[in-house]
Amino acid sequence: MAEPGRPQRASQGIAGAPIAGTWPTTGRTASAGGFAPTGFGVWPAAVGRLREWAKAEAGAGRLFPWVPTAFGCGIALYFAADHEPVLWVAAATAVALALGAVLLRRSRWFAPAIMIAAVAAGFAMATWKTARIAHTVLARPLYSVTLSGFVETRDIRERTDRFVLRVTAMEAQRSDVKLDRVRLSVRKGTAPDVGSFVQLKARLMPPLSPLRPGSYDFSRDMFFQGIGASGFVMGAIASVTPPDAGGLRLRYAAVMQGLRDAIDARIRATLDGDNRAIATALLTGRRDAITTPVNDAMFISGLGHVLSISGYHMAVVAGVVFFAVRALLALIPGLAVGFPIKKWSAAAALVASAFYLLLSGAEVATQRSFFMTAVVLIAVMVDRRAITFRTLAVAALIVLAVAPEALVHPSFQMSFAATLGLVALVQIGMPNLFASPDHSTTARIALWGGREIAMLFMASMIAGLATTPYAAFHFHRVTPYGVLANLGAMPVVSALVMPAGLLGLLAAPFGLDGVFWWLMGIGIDWMIAVTRWVAALPGAIGRLPAFGMAPLIAASLGLVLMGLLRTPLRWSGAFVLAAATIWGLSVRQPDILIAGDGQNVAVRGRDGQLHLMRTNKDNFLLKEWLAADADPRDAASASLGDGVSCDESGCVTPLADGRMVAQALRIDALADDCSRAALVVTARPAPPDCAAMVVDRSRLARQGALALTQRGDGFAVQGVRARGANRPWSPAAAGADDFDGSLAPKTAAPRSKDATPSEADQQAED
């Protein structure tokens, strides 16, 4: 008899043959070889499981968080276009696809239809924004320009000040261009007041183009800020009577600038140096006065996000006001019992957040933070769950609809990546992490603050990992000790620095703010100490070489999959992210970098490092080149000139294969360089019969900065301005399509043979 509950072994007959009827019928027949094939049921089971997961992901409430993702993809497509799209075509396409999605709302095709419509809507929104703010962009330098206009903004920086001038009158020699706004630098302490009407002379330059192919496009940023040129003031600035009042917007800017100046003056009365600069940055958004060593240490340690008013600052302001108001209202029994004081507190926090937005200058990053905070507070006011993927999706849609250009800004990318990771942690990870609070061990850990420490550690780690691809792409570095720095500094910033700053703002009108600035300074001292300690640790600077846009897009896809998916399908994002990491690390770095003006040329030598030929000292350019190459040297390093030979006519240096690259400074040097070098770089027109490969003035003017990678005996050429590209912030030059994407050695023309016979041959014939 078999024991109850225990499976019986199959009975065997003579010679081990199974007895008929003892084996369960499986619907499969053994092979002729006597072995039953196994594993045929694995694939159907796996496919069935995948279908279950996909069905769960397509369930109710799962579609909406993907809409802003599709909307952002449409904006990305707009910025990837070669030339400006036709607005009415983009708008009509978006409307037609949206109507089609509405008609398919009860069909199984509704999900793909609404995603396609969202892509089209993002594309159309970005096209409309560009058309709405269209303005003239300076194409070539102007060396003596007379300007009159209103001062709209002013920045106080470490060495110079800077202001934006709304131009009302402009006169330049041999140019009739008219600009709407220009950004000008002046000597420190001489910037005019916001709202004033001034006349001045200035030297203007076109907006700064990318310093190398694939680097950040500053001209695009300036275009969407309405700025058509940058430069510096020449001589004195005269304040004169304006022809009109300047408008309500200008008066508002003057009032807010005066308020920021007053706050800075009050802080200056108690704090000085970097403490004052950081305190002002946290409250008013001015962060240009922070000294370079402290600023670099903040970014190396991973605390650079503290200096930019973003979601963290807005959350602290809203949280402090919310809990303070709620605590005060709770002291009144009649209010606490009979009225919704929680909703009143949320409304007060919303007002405080709006004031903080205006005080800090309402930059795009701050707007995004305010919209996210506002959505959370409104959710509290209407009795909805605050921290959800739906909240994040609504905030993302609002930000991208108001400012589509924010998508390509590192602040938006890093902020939403971090927020996505934190929301996923709250929605998915936290319930599992603290699922058994009644356990004695868990209770003891929580009693000593272990749960809060674990939450802070995990939040810092998740946010740091989520922002790593974007920090690596834009800044070419990662922060290995970012979690350590955040654990050491952020509790003090949250509990002391920001609350003291808010109390200082409230107490300033009564003259009782000094003690709060002093307390704020103590917390900032601690933050700077942690920053410098972490930045000085071995390996604190994690340098990474530059990689292209494609690995970043793949990494973004991986993060979105890991953040938005709920089933085990989310781990497919981890594989995508790993593939993107390998892809990015395997990108080959260029062998030659050429500045857009041809004045700086970097050549990779036999040692694998860049060697510099230059005629001017552009430290900003060199810092970008070295950072993109993961090179620890600074712009002043003497080793940059190793192997470079220069004289008054130009410079030469060898490539890794021994061929020479020449930088020709004078026309009379081109003949020698063309005959001896493999590649000649010059800011002058090159002779058409030059035997070497040539990069000259015409190519630089049309393609901008270049990156050359060796392909056989020639080079693959990548320019800042791609062939056929023509955008409002980077207009195409005439003849831009004349250059292809490669340089090849010139084939020597066959010499004509002399047909004259020799004298001996002539005599023999005679």
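In β13, Ala-664 is the bridge partner of Gly-650. That pair is my way in. One caution before going on: this is a predicted model.

Gly-650 opens strand β12, residues 650-654, which pairs with β13 in the antiparallel sense. Five bridges hold that pairing. The two strands form a hairpin, with five residues between them. Look at Gly-658 in the turn: its phi is positive, about 95°.

Now β13 itself, residues 660-664.

β13 has another partner, β14, residues 679-682. Here the strands run parallel, joined by four bridges. Val-661 stands opposite Leu-679 in β14. And what do β13, α22 and β14 make? A right-handed β-α-β unit, with helix α22 spanning residues 667-676.

Next stop, β16. This strand covers residues 706-711 and is mostly covered, with five of its six residues buried.

Which way do β8 and β16 run, parallel or antiparallel? Antiparallel, with three bridges joining them. β8 is residues 592-594. Ile-592 stands opposite Leu-708 in β16.

β16 also pairs with β17, residues 714-719. Six bridges join these two, again antiparallel. Take Arg-711: its bridge partner in β17 is Gly-714. β16 and β17 form a hairpin with two residues between them. Gly-712 sits in that turn, with a positive phi of about 70°.

To recap the turns: Gly-658 belongs to the β12 and β13 hairpin, and Gly-712 to the β16 and β17 hairpin.

Notes:
Residues numbered from 1 in each chain as written. Predicted model: local features only at pLDDT ≥ 70, side-chain atom pairs only at ≥ 80, totals over all residues. Heavy atoms only, no water. Pairing = 2+ DSSP bridges. Right-handed = clockwise from strand over helix to strand, strands pointing away. Buried < 20%, exposed > 50% of the residue type's maximum accessible area, 1.4 Å probe, protein only.
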